[in-house]
Amino acid sequence: MRVSKALIPTVKETPQEAEIPSHKLMLRAGLMRKVAAGFYEYLPLGQKVILKINQIIREEMERAGAQEVLMPIMTPAELWQETGRWEKYGKELMRVQDRHERHFALGPTHEEVITDLVRRELKSYKQLPMNLFQIATKFRDEVRPRFGVMRSREFLMKDGYSFDVDDAAADKTYWIMVEAYKRIFKRCGLTFSPVEADSGLIGGSFTHEFMVLADTGEAAVAMCSACDYAANLEKAFGVPTAHAATTAGGPFQKVETPGKHTVEHVGELLKLPAQQFIKTLVFIADGKPVVVLVRGDHDVNEVKVQNYLQAAEIALASGDKVYEVTKAPVGFAGPVGLKDVRIIADKALQGGHQYVTGGLEKNIHLTNVELGRDFAEPEWGDFRNVISGDGCPKCGKPLKVGRGIEVGQTFKLGLKYSQPMHCVYLDENGKDKEAVMGCYGIGVTRTVGATIEQHNDADGIIWPIATAPYQVHLLLLNPAEPEVAKIADQYYEDLKQAGYEVLYDDRMEASAGFKFKDADLLGFPISVRVGARGLKEGLIEIKRRREKDVMKVPVADVLVKVKEVAEAEWKLCTP
């Protein structure tokens with residue numbers, strides 16, 4: 001493709017709306033344009049990346065034994081009502097009515113639809129295992145779309161669903177799909193980690209998220225450098241450092257802490273470490289108050305609390321509600337003296353002594369508080385976020401908490417959908433049995449953004465060769481000189497003939513410097529630069545985007561050197 005004929009509207013300035021590198025660069029490099037909040041149109045370069053990711057996905061799905069289908073975006077409410085998700089999914093489910101006032105959802109995922117398809121077609125155990133997938137547009141009514149394709153309201157997703165005869169067979173399929181996902185993301189040139197995760201609204205017995213490791217990632221991930229343990233913060237468990245106080249103190253004492261209502265400020269006043277405090281937080285779970293206790297150097301994990309309580313909804317209580325439950329202002333609540341309210345506590349508090357808590361009075365805290373002596377034993381569980389330095393639950397070595405971008409997730413669903421929707425088959429004995437399900441998603445447009453988040457520098461994108469819109473960027477530096485243009489035109493044909501995808505910057509009006517800037521911004525793996533100065537010496541410049549140095553190659557050796565660099569690039573995308 002010649003740039004003079006292409007729709008590649010690069011811009012120099014960073015758009016004000018963009019906050020993270022991928023959003024900025026996708027707009028600046030002309031990959032996409034905004035239509036409305038959370039909705040984007042993909043221009044030719046963006047579409048080429050999407051198609052390449054789709055092709056990798058299709059190849060690996062077929063390799064794993066999955067078949068491709070295509071389901072409707074708009075799905076009837078009746079299917080969602082069968083599983084209860086019409087109510088449970090909440091406001092993120094985009095709901096519409098047709099002219100006959102029938103209710104539909106614009107699908108954010110298709111568990112109900114695929115289960116309905118399979119229950120109508122599945123007759124015998126001989127048809128199983130069955131593994132189906134699609135690549136289709138999804139909708140999610142995000143309350144605050146942001147970060148470009150990372151959190152949009154319309155997005156492209158690969159979603160797949162498996163059906164097996166029993167748990168053992170479903171486990172086998174699940175791990176086949178995990179391995180397929182590893183191959184997909186490796187082929188996309190990404191550094192990633194599969195991590196244990198919470199199954200959320202999709203449900204199921206266990207799940208893994210595939211996290212692309214990037215400093216700008218929305219999700220926190222706990223990883224062990226000594227073993228393969230990895231989990232997102234909603235699921236991660238770590239062994240906390242020991243509490244400083246090892247023996248009980250005297251009776252608890254009231255201390256005045258005027259205007260000090262945070263662990264940090266009270267700790268400074270009393271000259272005590274954060275781990276010697278008990279944080280007391282009030283949540284409202286399905287309309288009922290619950291008090292959650294965690295150590296002062298830890299934060300509450302709301303997902304863990306919600307799962308423990310088996311609550312449909314949970315939220316931190318307002319200041320007025322905190323006062324109603326504890327009779328204390330925010331910052332001065334504590335467990336000593338609390339009555340008629342359920343109390344759950346994180347296990348990291350066990351074994352600690354001489355705690356500091358809120359005193360249930362304004363400007364008052366309590367010291368020397370002992371669990372089981374000064375207040376009744378609470379319900380114990382894992383209710384905190386893991387922090388760096390916690391012990392790995394598998395090997396005991398320190399965990400490190402980093403950032404990641406979720407690009408895919410696999411779920412062992414079990415009977416969550418097949419049971420309420422009566423998706424059954426006849427077994428060898430002619431008896432009805434429910435199919436055991438799994439589901440597997442990849443955010444295709446999100447993978448585009450995650451690739452850029454992981455592969456960029458101050459000048460622009462650095463595409464892995466497998467997903468780059470073009471593999472070679474050919475720059476004509478002196479278009480007004482016929483001999484230079486003739487040689488560049490010949491390289492354009494030769495490179496295409498050799499099998500490379502080539503973008504040929506043949507613009508007459510653009511300076512060499514401008515073309516260099518665009519080449520760095522667009523970030524294709526290899527650039528070939530044809531200029532009058534180099535040709536006088538019999539040389540052509542070749543630059544690998546991920547490297548700073550420019551190679552000067554004899555005119556006759558250009559295709560050989562391009563092949564050498566391309567092979568090195570492909571090795572980075574080989575499982």
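Analyst: Two strands pair if DSSP finds at least two bridges between them. Strands (E, at least two residues) and helices (H or I, at least four) are DSSP runs, numbered from the N terminus. This is a predicted model, where local features need pLDDT of at least 70, side-chain atom pairs need 80 or more, and totals for chains, interfaces and linings use all residues. Residues are numbered from 1 along each chain as its sequence is written, and side-chain values use heavy atoms, without hydrogens or water.

User: How do you know that β15 and β17 pair?

Analyst: Count the bridges. Strand β15 (residues 288-295) and strand β17 (residues 342-346) share 4 bridges. Pairing takes at least two, so β15 and β17 count as paired. They run parallel. Within this pair, Val291 has Ile343 of β17 as its bridge partner.

User: Why are α2 and α6 called roughly antiparallel?

Analyst: Look at the angle. Helix α2 (residues 44-63) and helix α6 (residues 167-187) pack at about 150°. Angles run from 0 to 180 degrees between N-to-C directions. Over 145 counts as roughly antiparallel, under 35 as roughly parallel, 65 to 115 as roughly perpendicular, and the rest as oblique. Therefore α2 and α6 are roughly antiparallel. Their axes lie 10 Å apart.

User: Which residues of α2 and α6 meet, and how many are charged?

Analyst: On α2, Ile56, Ile57, Glu59, Glu60, Met61 and Arg63 take part. On α6, the partners are Met177, Ala180, Tyr181, Arg183, Ile184 and Arg187. The contact has 7 nonpolar, no polar and 5 charged residues. Asp, Glu, Lys and Arg count as charged; Ala, Val, Leu, Ile, Met, Phe, Trp, Tyr, Cys and Pro as nonpolar; the others, Gly among them, as polar.

User: How do you know that β4 and β6 pair?

Analyst: β4 and strand β6 (residues 103-106) have 3 bridges, in the antiparallel sense. The requirement is at least two, so β4 and β6 qualify. Met74 stands opposite Leu106 in β6. Both strands belong to an open sheet of 3 strands, β4-β6-β5, with antiparallel pairing. Its edge strands are β4 (74-76) and β5 (94-97). The twist there averages 40° from one strand to the next.

Methods:
Contact = heavy atoms within 4.5 Å.
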